[in-house]
Amino acid sequence: MKKGIDLDKKKYTIYTNNLAGINEIRTLNPSQCKLQERHFNLIGGQPLSKYRATTGDSTQKFLDTIWNVQNSDKVNKVEDQREILTLSILTSNWFLVGEDYQTISICARGEGHFEFKQSVINNSDQIILISPLGKILPLDNENELNCLLPDTEEKDYQALKLPTESKDKIFLLTTYRSNAIYSPLMQVSTKLSDLKDPTRHLCPKNYSFTKSSPRFNPEGDRYKIVVTELPHEYIRDNFNEVYRFNL
């Protein structure tokens, strides 16, 4: 919001179903922002407060309309010299990367959420996956995740495994740790860094990394850092099973 978007005077349109993001915009001082709320278009649908997003059949119909216009413009771009690029930014309840961190899947639950993410992935030219480091789990599938959930939680996570042929258009943006000796996620950060190192001859199979990743080293005593990094109790309680090393 404050930096704006520098696209060298190209036209752009922003759509979102993120109600939490829209509410955050309203807390900012407009005089300090290059982007204003009028630059955003809210996708319609059911405003489910639990997920802080719009979802459902109306949302999918809205998306289909966007894709139809997009595809029509791409077909006709030769006539008016326009080039249409769809860039999508996706978050998720959890990202699963398997024990080797090489294959990423998006987890979603709740009415319409899985379908929404699948539609966006199928119709985007480039995708940025944004995740806190603690939301990236080295689990192989959603069944392993659902088994960890307490009885009070819905156990209906679905995992959408991203296609390998889309590797060059899907980018993971997360934070890294440097010398955060009390962080339980230090080894996770190291494993992801290893995948970026071409000399190790390891690389992700269905995603790439953004060129830069912000550093985040939580402060406080060990207990505070652990809770900050792992806010979900069921992940803390099953840490060794999830991450395959001791907390």
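This report describes the core, the aromatic groups and the charged pairs of the structure above.

## About the model

This is a predicted model, in which local features need pLDDT of at least 70 and side-chain atom pairs count only at pLDDT 80 or more, while totals for chains, interfaces and linings use all residues. Residues are numbered from 1 along each chain as its sequence is written, and side-chain values use heavy atoms, with hydrogens and water left out.

## The nonpolar core

A nonpolar core is a set of buried Ala, Val, Leu, Ile, Met, Phe, Trp, Tyr and Cys residues joined through side-chain atoms within 4.5 Å; buried means under 20% relative accessible area, exposed over 50%, and partly exposed in between, with a 1.4 Å probe and protein chains only. The largest such core has 46 residues, of which Leu129, Leu137, Leu192 and Tyr243 touch the most other members. Helix α4 (residues 113–122) supplies the largest share of this core, namely four residues. Helices (H or I, at least four residues) and strands (E, at least two) are DSSP runs, numbered from the N terminus.

Seven of the 10 residues of α4 are buried, among them Phe114, Phe116 and Ile121. Leu192, apart from its neighbours within four places in sequence, is in contact (heavy atoms within 4.5 Å) with Tyr101, Leu133, Ile136, Thr174, Tyr207 and Phe209.

## Aromatic rings

Rings of Phe, Tyr and Trp (its six-membered ring) pair if their centres lie within 6.5 Å, and planes under 30 degrees apart count as stacked, over 60 as edge-to-face and the rest as tilted. The whole structure has six aromatic pairs. In one of them, Phe239 and Phe245 are edge-to-face, at 5.4 Å centre to centre and with 80° between the planes. Phe239 counts as buried because its relative accessibility is 1%, and Phe245, at 14%, is buried as well. Together with Tyr243, these two residues form one aromatic cluster.

## Salt bridges

A salt bridge is a side-chain nitrogen of Lys or Arg within 4 Å of a carboxyl oxygen of Asp or Glu, and the structure holds four of them. One joins Glu99 and Arg244 (3.7 Å, N to O), linking the loop between β6 (94–96) and β7 (105–108) to the segment after α9 (239–243), 145 residues apart. Glu99 is exposed, with a relative accessible area of 51%, whereas Arg244 is partly exposed at 35%.

Another salt bridge is formed by Glu229 and Arg177 (2.7 Å, N to O), with Glu229 in helix α7 (residues 222–229) and Arg177 in the loop between β11 (170–173) and α6 (186–196), 52 residues apart. Glu229 is buried, with a relative accessible area of 6%, and Arg177 counts as buried at 6% relative accessibility.
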